[in-house]
Number of protein chains: 2
Amino acid sequence: MTIRVFLVGFGNVGRSLGEILLRNPPLSDVEVAGVANSKGSVLVEGPADKAKLAKILSSGERLEKHPSFRPGLGPVEGAVVSGAHVAMITLPPSYETGEPNRSIYYGLLEEEISIITADKTVLALDYARVTGEARRRCLFLGYRATVAAGTPALDSARGLKGRGVEEVRAVLNASTNYILGLVEEGYSYEEAVEKAIQAKLAEPDPRIDLEGYDPAAKLAILASTLGYEASLRDVVRVPLTEISEDDVREALRKGKRVKYVAYADFTRGTFRVEPRVVDSGDPLASAVGEDNVIVFQLESTSIVLKGPAGPAWRTAKVMVIDLIEYAERLEEAGLCGCS
Amino acid sequence: MTIRVFLVGFGNVGRSLGEILLRNPPLSDVEVAGVANSKGSVLVEGPADKAKLAKILSSGERLEKHPSFRPGLGPVEGAVVSGAHVAMITLPPSYETGEPNRSIYYGLLEEEISIITADKTVLALDYARVTGEARRRCLFLGYRATVAAGTPALDSARGLKGRGVEEVRAVLNASTNYILGLVEEGYSYEEAVEKAIQAKLAEPDPRIDLEGYDPAAKLAILASTLGYEASLRDVVRVPLTEISEDDVREALRKGKRVKYVAYADFTRGTFRVEPRVVDSGDPLASAVGEDNVIVFQLESTSIVLKGPAGPAWRTAKVMVIDLIEYAERLEEAGLCGCS
């Protein structure tokens with residue numbers, strides 16, 4: 001059976017995903033059924049459409065340049081009309097209202113379309129409801145790319161559910177980690193943020209990183225995957241810039257590091273994102289550049305996971321891992337469906 | 001539906017598992033249907049049998065002391081007769097012949113009984129065949145407890161399958177790691193091994209650790225889970241004692257450490273277990289005591305996972321994680337079975 005994939009979002013990650021699926025498909029039977037951006041959709045209805053999509057990917061042109069671009073055709077309708085089995089979502093986040101992300105997710109699930117996502121919005125705000133809806137409808141909801149995309153953080157969390165993890169301490173935002181590194185070298189926050197945006201290591205709206213929305217959303221999803229109730233709204237966010245550039249460099253001179261730490265205490269039910277001074281021997285101190293580091297604290301021991309997170313091409317690769325799992329589950333369901 | 005569990009093996013891990021399932025069951029509908037050791041089986045056929053099994057667990061007495069012990073009743077027959085849905089296997093390893101483990105696994109699968117195991121024998125020797133058989137019969141085969149039990153190594157590997165992991169370097173054997181620590185302190189291998197056996201940190205037959213069978217089996221299972229073909233038979237094992245106690249201490253004096261390293265190069269298809277001198281900054285050097293450390297090397301980056309592995313009670317807890325996943329899959333199959 002050919003798996004028809006509809007791409008929701010055509011930014012850096014969406015384009016990387018398009019590149020992989022068109023040029024280097026991970027499975028023999030995967031087709032791009034269509035692509036939506038915020039303005040409309042392209043339905044890929046034959047080799048010509050496919051070739052033009054490939055050209056748009058190479059040239060970096062906007063999706064609207066595609067001759068088959070249909071303005072106003074939204075992602076849910078586009079996915080349905082194109083006969084997609086699964087939508088791969090790389091929407092920009094929308095943490096204040098949750099829209100249009102929420103409506104898109106529930107719209108897709110209502111139309112029996114499975115979801116693979118790098119966007120954190122709905123899982124961070126509505127984890128129980130959206131995962132419950134997918135489960136109820138026997139649909140796949142893959143979200144490996146939402147936390148530390150590139151490092152198996154969520155896989156680890158899934159294996160630790162029920163083990164009594166008491167705390168999580170983590171560096172989950174490559175952008176602020178990179179910025180702190182530049183501040184340590186002598187740059188101001190303003191200069192460091194500008195360099196991060198140029199390096200495509202910061203969201204277009206840098207507040208998402210600097211005010212802690214991004215790591216807070218990841219913390220909520222990680223905690224939910226560990227089996228705890230957690231929402232972005234529960235996370236107390238202290239902006240990175242609450243600590244001055246001078247204090248960042250002072251910590252370094254004293255043999256410590258300032259890190260933007262996401263912290264959950266499951267015993268107390270508290271969640272925070274804030275800049276913290278950590279000892280140089282702390283695993284969090286060893287997060288350099290684009291690294292994420294996650295410490296799962298159990299009663300008498302701790303588990304530490306460290307690895308790369310992002311950028312766009314790596315996030316897209318991780319979404320493809322979810323796609324492979326989706327394909328495996330389909331095959332299993334086909335074989336084992338009625339027993 | 002009540003999940004009926006048959007315990008195959010009644011050593012340290014099997015007993016820990018029995019304790020959890022009888023005193024602190026993780027799910028409301030789990031029952032111990034029976035227990036087998038190498039001499040026979042107990043079928044738990046009512047409250048009296050259950051109470052006596054609990055007493056045997058408290059007292060540490062042999063299974064044969066159970067009034068309902070049936071000598072000669074093997075684990076496959078015992079599991080079938082007791083109406084078990086899933087067997088939880090904690091057999092001792094059998095790396096030379098693979099028996100009786102192989103016959104037990106295939107016997108259970110043939111009888112449509114799912115498997116959760118901490119025993120590595122069959123997965124290390126026969127991964128493709130045994131996982132294929134379980135998949136073909138739509139049975140669950142859980143084996144989280146076989147590698148770094150306590151640290152989500154296999155969960156991580158599953159999430160890295162298809163990511164192009166090029167190498168794995170790991171400290172996977174708590175026993176030899178503990179022994180090396182004692183040697184660094186001044187003990188001879190003979191003294192260190194004796195202390196490890198007393199601390200229940202070494203297999204009854206210490207050759208399994210000292211000659212590298214245990215880490216080699218784990219390396220094979222880890223590699224297989226990453227998607228590569230790997231068998232215990234492919235692993236070149238250099239015994240730990242090839243490096244002298246003096247050289248171990250010499251390394252320490254030079255600011256390095258000797259570690260018993262399991263190594264796989266997937267590009268070359270080579271697998272080795274051998275003592276190696278590692279720099280103090282190497283993640284492997286930071287494995288102390290019962291820690292396992294696994295480094296997954298990708299093309300341009302690495303992922304490091306570190307955490308506790310074993311002892312028996314922790315291994316049993318990890319098997320229970322598999323049991324919870326089994327229960328979730330049953331529920332999903334029930335809801336989503338025929339669509």
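Between chain B and chain A about 2600 Å² is buried, with carbon and sulfur atoms giving 58% of that area; buried area here is the accessible area, for a 1.4 Å probe, that two parts lose on being put together, summed over both. Before I go on, this is a predicted model, in which local features need pLDDT of at least 70, side-chain atom pairs count only at pLDDT 80 or more, and totals for chains, interfaces and linings use all residues. Residues are numbered from 1 along each chain as its sequence is written, chains are lettered from A and ligands numbered from 1 in the order in which they are written, and side-chain values use heavy atoms, with hydrogens and water left out.

Back to the interface. Chain B puts 34 residues into the contact and chain A puts in 34 residues, where contact means heavy atoms within 4.5 Å. There are four salt bridges between chain B and chain A, each defined as a side-chain nitrogen of Lys or Arg within 4 Å of a carboxyl oxygen of Asp or Glu. One salt bridge links B:Arg329 to A:Glu332, with 3.9 Å between the closest N and O atoms.

Which element of chain B gives the most to the side that touches chain A? That is helix 12 of chain B, with nine residues. Helices (H or I, at least four residues) and strands (E, at least two) are DSSP runs, numbered from the N terminus. By class, this side of chain B has twelve nonpolar, ten polar and twelve charged residues; Ala, Val, Leu, Ile, Met, Phe, Trp, Tyr, Cys and Pro count as nonpolar, Asp, Glu, Lys and Arg as charged, and the others, Gly among them, as polar.

The two chains also share strand pairing, which requires at least two DSSP bridges between two strands. Strand 13 of chain A (residues 302–308) runs antiparallel to strand 13 of chain B, and three bridges join them. In that pairing A:Val304 stands opposite B:Lys306.

Now chain A by itself. It has an open, mixed sheet of seven strands, in the order 4-3-2-1-5-6-7. Strand 4 (69–71) and strand 7 (141–142) of chain A are at the edges with a single partner strand each, so one side of each has no neighbour in the sheet. Strand 1 (residues 3–8) and strand 5 (residues 86–89) of chain A are parallel, paired over four bridges. Within strand 5 of chain A, A:Val86 is the bridge partner of A:Val5.

Last, a helix pair. The axes of helix 6 (residues 153–160) and helix 10 (residues 213–225) of chain A come within 8 Å and cross at roughly 35 degrees; axes are lines fitted to C-alpha atoms, for helices over the stretch in contact, and angles run from 0 to 180 degrees between N-to-C directions. Helix 6 of chain A contributes A:Ala153, A:Leu154, A:Ala157 and A:Arg158, and helix 10 of chain A contributes A:Ile221, A:Leu222 and A:Thr225.
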